[in-house]
Amino acid sequence: MATLVVPQNVSVVEDAENLRKAFEGWGTNEKVIISVLAHRNAAQRKQIRLAYWDLYQEDLVKRLESEIKGDFERAVYRWILDPEDRDAVLANVALKKSSDYHVIVEIACVRSSEELLAVRRAYHARYKHSLEEDVAVHTTGDIRKLLLGLVTAFRYEGAEVNSRLAKSEADILHDAIKDKKINHDEVIRILTTRSKTQLMATFNSFKDSQGTSITKVLLGETADNEYKRLLRIAIRCINEPIKYYEKVLRNAFKKFGNDEDAITRVIVTRAEKDLQLIKELYYSRNSVPLDQAVAKETSGDYKDFLLALLGKQD
Amino acid sequence: MAHLQELEALTKALSGLGIDEKSLISILGKSDPARRTTFRQRSTHFFIEDERSFERWDDHRINLLRLEFVRFENALVLWAMHPWERDARLVHEALTLVPQSYRVILEIACTRSSEELLGARKAYHSLYDHSIEEDVAIHVTGSERKLLVALVSAYRYEGPKVSEDAAKSEAKLIAKAIKNGDKKNPIDDDEVIRILTTRSKPHLKAIYKHYKEVSGKNINEDIEAADFILKETAECLCNPHAYFSKVVDEAIRNDADHNTKKALTRVIVTRADVDLKEIKEEYNSLYGVPLTQKIDDNANGNYKDLLLALMTRD
C-alpha cells in the first residue's frame, strides 16, 4: 500500500512550467518542487521530464541537480528517476562508492522478477556494463557468489509450493548452519534460484522443525561477518520485507547523526509500493508515528519532501 | 539386376538421417511377397534368421528406425515453435540427459543474444513452473554447475564499449589459469567463471585478442587440452559459427550416437532465422564441402527436404 498522494487532475505541461518558474530568479522555490514532484507517480514524473524537455530543451534532472543541494537534492534526484533507473543508480553507488552491499541484496530480493530485469536493463543503458559484471568485479569469494546469484535470478513467480521440497531444503539449510558451512553451494543454490513462495514455505518448514526462525538461528551461529550479514538480509527481504524495512528505518534514526542514505532510500523506493504498511508496523513497534520520527530527525526542505512522500498533504 | 538396385535403394532409404518415405512406398509398397522375402533375407542388418525358419525384425533396429521416422516430425514441430519455447524445451530435455547434454545448455546460454536468452527463461517459467536456473542447479553437479548456472543467468551488456585495460588483465588471468590447468581445473577458478559468465561478448573477443599477445598462442590452441566444457564455452561465446559447423559435422558422421545426431535438427532449426548463412560459409571453409551437399548425401526423405528448404530460403 502506497503512501504517495496524487491529485485527481494532473497536467504535466503545467507541472513543467511551474517547475521552470520555481528555478527562475534568485534562488529556487523548493516548496513548488516538493508540491509538484512529491505528488506525482512514476509515469507522471516521466511525462513531466519529457514535457520539460519539449518546452525548454533542457534536462529537468540536470537542472534540478544544479538548483538544489544536499540531502534534499539526493532525495529528489532519486525520486524523479524511473524506479528501475533509480535502482540501477543505487546499485552502482553501492558497488563503487559506499560498499553498502545490502542495498544490492534489497534490490535483488525485494523487487519482482520483472522489476529486477528492468533494473538490469537500465543498468546496461546507464553504465555500459551488466550489473552482474560490475558486482563480480567489485566483490570476491562468498559475497560474490551470493550477490551474483541474487542479481542474476529470474525467479519463477507462481504460487505453487512443493512441501516435500520445502522440508528437504529446510533440512539442507539447517545442516549447513549446524556444520558452520553457511557459504555452502547448496545454501546459495536454494536462496538464489528458488521462487519466493517456495522459499517462504522452506523458511516456515525450518521454523516448524527447529522451533525458531532461520534468521534467529543464523544470528546465534558464530563468526559474524559481512557474508552472514548479507545472507540474513537476503532471507529477511524475501520473507518479510516490511519488517526488514521497518528495522532499517528504526536503526537509521538511532545512529548518531542519522543515516540519511537509508532514510531516503527506504522512503523514496517504497512510497509507491508498501510504505503505508511500513508506517503501520513502525508505529506498532515504536509507539511513535514514522512521520513524527522523520520530522524530529530531519530538517528543512529534505524533511518537507520526505513528509510529503509519507502522505502529508499541504 | 533391378532387384539389386531396388535393394540398394531400400537400404539407403532406411539409413542415414530420416527416412526416404517415397522410395519405401514406391519399392516396398508395390512389392509382392517374394520381393519382400528377398528384402528381408538380404537385409541382415535389419532382419535376423529366426530358429523357426523365418526372418525376424531386429528389435533394436526397429527402435532405431522409429527415431528416424520421427526425425521429420520433431524437426517440423521444433521449427514451428516460438524461439523462446524452443530454447526452453531444449534445455529442459537436456537436463533429463545430463551430463552428456551439457553441450546443449551451454550452446543455448552462450550463442543466444541477451534478449533471446531472457525470452527462453520466461518461456521456461510458463512451461515448467520453475526457473531455468533452479532446474539447472538441481540437475547439474560438480564444477560444471557453477559455470552452467551462471551462463544461463547472464544478461550480458550488448553494446560495443570495451575496456581494453580490463581485457588485457583478464587475458592474463585466463592464461594463468589455463597454464595451471593440471593443478586446478580452470572451470573451478572463480575469476575464469566471472569473466566468461559476466563479460560482454565484444569484451570477450578483446580478451581473446590480447590472449595471443600474452601467451603466444591462440586461446583455442591452449584450451584444446583443457576441459571440453571450457573449450566449448569459449568457442560458443566468440566463434559460434565454427562451433555450429563442428557440431553439425559430428551429427552427420556414420558413427554418431542418438544424441549427437539430434544436433543437426537443433542447429539448422534454431539458426535458420539467425546466422545459417554464415554457418554454411564456415562449414565450407572448414570441411571443403558445402553443408547442403553433405545433408543431401546423408539425409533422407521429408526430413532432408525440410532441412534443405530451411537452408535455401531467400
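Phe23(A) lies in helix H1 (residues 12–23) of chain A; helices are DSSP runs of H or I with at least four residues, numbered from the N terminus. This is a predicted model, in which local features need pLDDT of at least 70, side-chain atom pairs count only at pLDDT 80 or more, and totals for chains, interfaces and linings use all residues. Residues are numbered from 1 along each chain as its sequence is written, chains are lettered from A in the order in which they are written, and side-chain values use heavy atoms, with hydrogens and water left out.

**The annotated site in chain A**

- An unreviewed UniProt entry lists Phe23(A), Gly25(A), Gly27(A) and Glu67(A) under "binding site"; such annotations may be inferred rather than shown by experiment.
- These residues span 45 residues in sequence, yet no two of their C-alpha atoms are more than 11.3 Å apart, so they gather at one spot.
- Phe23(A) has 2% relative accessibility and therefore counts as buried (under 20% relative accessible area, 1.4 Å probe, protein chains only).
- Glu67(A) lies in helix H4 (residues 60–67) of chain A.
- Leaving aside neighbours within four places in sequence, Glu67(A) is in contact with Phe23(A), Gly27(A) and Thr28(A) (contact means heavy atoms within 4.5 Å).

**Where chain B meets chain A**

- On the two sides, 25 residues of chain B are in contact with 28 residues of chain A.
- There are 5 salt bridges between chain B and chain A (a side-chain nitrogen of Lys or Arg within 4 Å of a carboxyl oxygen of Asp or Glu).
- Glu133(A) and Arg199(B) form a salt bridge through their side chains, at 2.7 Å from N to O.

Notes: Helix = DSSP H or I, 4+ residues; strand = E, 2+ residues; numbered from the N terminus. Buried < 20%, exposed > 50% of the residue type's maximum accessible area, 1.4 Å probe, protein only.
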